[in-house]
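Biologist: I have a structure to read with you. Shall we take it piece by piece?

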Amino acid sequence: MQIIIVGCGKVGMALAAKLSVEDHNITVVDTDSNALQMVANTYDVRGIVGNGASYSVLAEADLDQTDLIIAVTESDELNLLCCVIAKKAGRCQTIARVRNPIYIDERIFIKEELGLSMIINPEFAAAMEISRLLCFPSAIEIDTFAKGRVEMLRLRISDTCILDGMALKRLPSSLGCDILICAVERNDEVTIPSGDFILRVGDTLSMVASHKNAAKFFHKIGLKTHQVKNTMLIGGGQISVYLAQILQKMGIMVKIIELNERRCEELCDLLPKAIIICGDGSDEELLREERIDQMDSVVTLTGIDEENIILSLFAKTKVKVKTVTKLNRLQINEVIRSLDLDSVVYPKHLTAEAILQYVRATQNSIGSNVETLYKLIDDKVEALEFHIQKHSRVANICLQELKIREDVLVACISRNGKVIIPGGRDKILPGDSVVVVTTCSGLTDVENILAD
């Protein structure tokens, strides 16, 4: 595809990195020539200096040949204007990042009236991700498929876990849970395991199941499955507002610590049922006064990554159940993995992932489209959901008879609201939603799972 990215910030850079690897022709537009030079030197992309809302600049970027324009500048209004101009002049598909909360309830109206293909709000997406983790606190990460009916959860095997030393083929008989372990991370290596694979302490597992069966499995291996009762949010930015609103609807008590006095007044107006504390969230004495040790969970949401990491490491020794750390920088994964953090959320990564999912889904497809896409374990693994169409080559054939690639696992089938963990005799039928897990990047169609 021919793609224009307007905006060369962290999200623009992340998109350029992910999309250029998948053999798309990428042009990045920004007013900052230094940022453009950096992205052009790092990735196989073309850079154009200028305002992305200018028709002449977009024309220079070959707008008339462009399939998709993605506007991710710091200005919502500039992003929307850029998309409108591109839609009228180039007739291409358009995606806009819109972050201002004033637009949150109007995003459907804006999308339809302006003819946009997608509107994405990174802060709201991050709040949704964190809320899922606080509902199921023993999971490190939770991704959803089939409109929430199927979940992929990551968990780490502790030295007291009964899974240590167990072969995967023994799980159904030993625990009586209909789940599938679809990826194992061990010593920086990722494996899509067979039934003979032996689990060990320290392994990080990615598993697929319905919510009910996932809860049953976690309970049987001794992990907590009930949502937290209360949480402390350190930092009063927009993610905190979205998250507090979501959690309060779930009956979870929310306490927010924010340093800026004026912002605290705004938070009191926005969140009248939350407890707002004006103070320094990095002050250990203040945290003790606010009884951090009586909290079920702490979410660090300041604008400084290092502060969030340090606060989470401190909180993990105090809180009962869960800590979540928000990070902005995507280039420090090796350092993060070496730390004993609980769950980590990258808002900008969520944005790039959602847009990449859209790009995959709009590419030419024969048997099925990509409905959902998640990048897992530092992009080493992809989990994709495909909707199966009538004439797909994978339909109506037993899985054991399909010649499926070795680096692909059919993890789950969703059919008429029922979640099926498939065996060799199961068939994929037209109308099903199918989740596959693979160490191969770039699948665009369900038929790509077949060996040549």
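Modeller: A word on the ground rules. This is a predicted model, where local features need pLDDT of at least 70, side-chain atom pairs count only at pLDDT 80 or more, and totals for chains, interfaces and linings use all residues. Residues are numbered from 1 along each chain as its sequence is written, and side-chain values use heavy atoms, with hydrogens and water left out.

Biologist: How many disulfides does a search of the whole structure find?

Modeller: A disulfide is a covalent bond between the sulfur atoms of two cysteines. Here it is counted as a pair of cysteine sulfur atoms within 2.5 Å. For cysteine 264, the nearest cysteine sulfur is that of cysteine 278, 3.8 Å away, and cysteine 264 is in no disulfide. For cysteine 440, the nearest is that of cysteine 182, 16 Å away; the total for the whole structure is zero.

Biologist: Is cysteine 264 buried or exposed?

Modeller: Buried means under 20% relative accessible area, exposed over 50%, and partly exposed in between, with a 1.4 Å probe and protein chains only. Cysteine 264 has 5% relative accessibility, so this residue counts as buried.

Biologist: And which class does lysine 87 fall in?

Modeller: Lysine 87 sits in helix H4, residues 76-90. Helices (H or I, at least four residues) and strands (E, at least two) are DSSP runs, numbered from the N terminus. The relative accessibility of lysine 87 is 31%, so lysine 87 is partly exposed.

Biologist: How far apart in space are lysine 87 and serine 117?

Modeller: In sequence they are 30 residues apart. From C-alpha to C-alpha, the distance between lysine 87 and serine 117 is 10.0 Å.

Biologist: Which residue in E4 is the bridge partner of valine 6?

Modeller: E1 (residues 2-6) and E4 (residues 68-71) pair in the parallel sense over four bridges. Isoleucine 4 stands opposite isoleucine 69 in E4. For valine 6, the partner in E4 is alanine 71.

Biologist: Which residues point the other way from Leu68 and Ile70 in E4?

Modeller: In a regular strand the side chains alternate between the two faces of the sheet. In E4, Leu68 and Ile70 point one way, and all four residues are buried; the other way point Ile69 and Ala71.

Biologist: Why is one side of E14 and of E17 left without a neighbour in the sheet?

Modeller: These strands belong to an open sheet of six, in the order E14-E13-E12-E15-E16-E17, with parallel pairing. E14 (275-278) and E17 (343-345) stand at the edges, so each has a single partner strand.

Biologist: Which residue in E15 is the bridge partner of threonine 231?

Modeller: E12 (residues 230-234) and E15 (residues 297-300) pair in the parallel sense over four bridges. In E15, the partner of threonine 231 is serine 297.

Biologist: By class, what lines the largest cavity?

Modeller: Among the lining residues are Val98, Tyr103, Arg107 and Asn121. Ala, Val, Leu, Ile, Met, Phe, Trp, Tyr, Cys and Pro count as nonpolar, Asp, Glu, Lys and Arg as charged, and the others, Gly among them, as polar. On a 1 Å grid over the protein atoms alone, a cavity is a set of points where a 1.4 Å probe fits but cannot get out, and lining residues have an atom within 4 Å of a point. The lining has five nonpolar, two polar and one charged residues.

Technical notes. 1 Å grid on protein atoms, 1.4 Å probe; cavity = no way out; pocket = protein on both sides within 12 Å on 5 of 7 lines; lining within 4 Å. Pairing = 2+ DSSP bridges.
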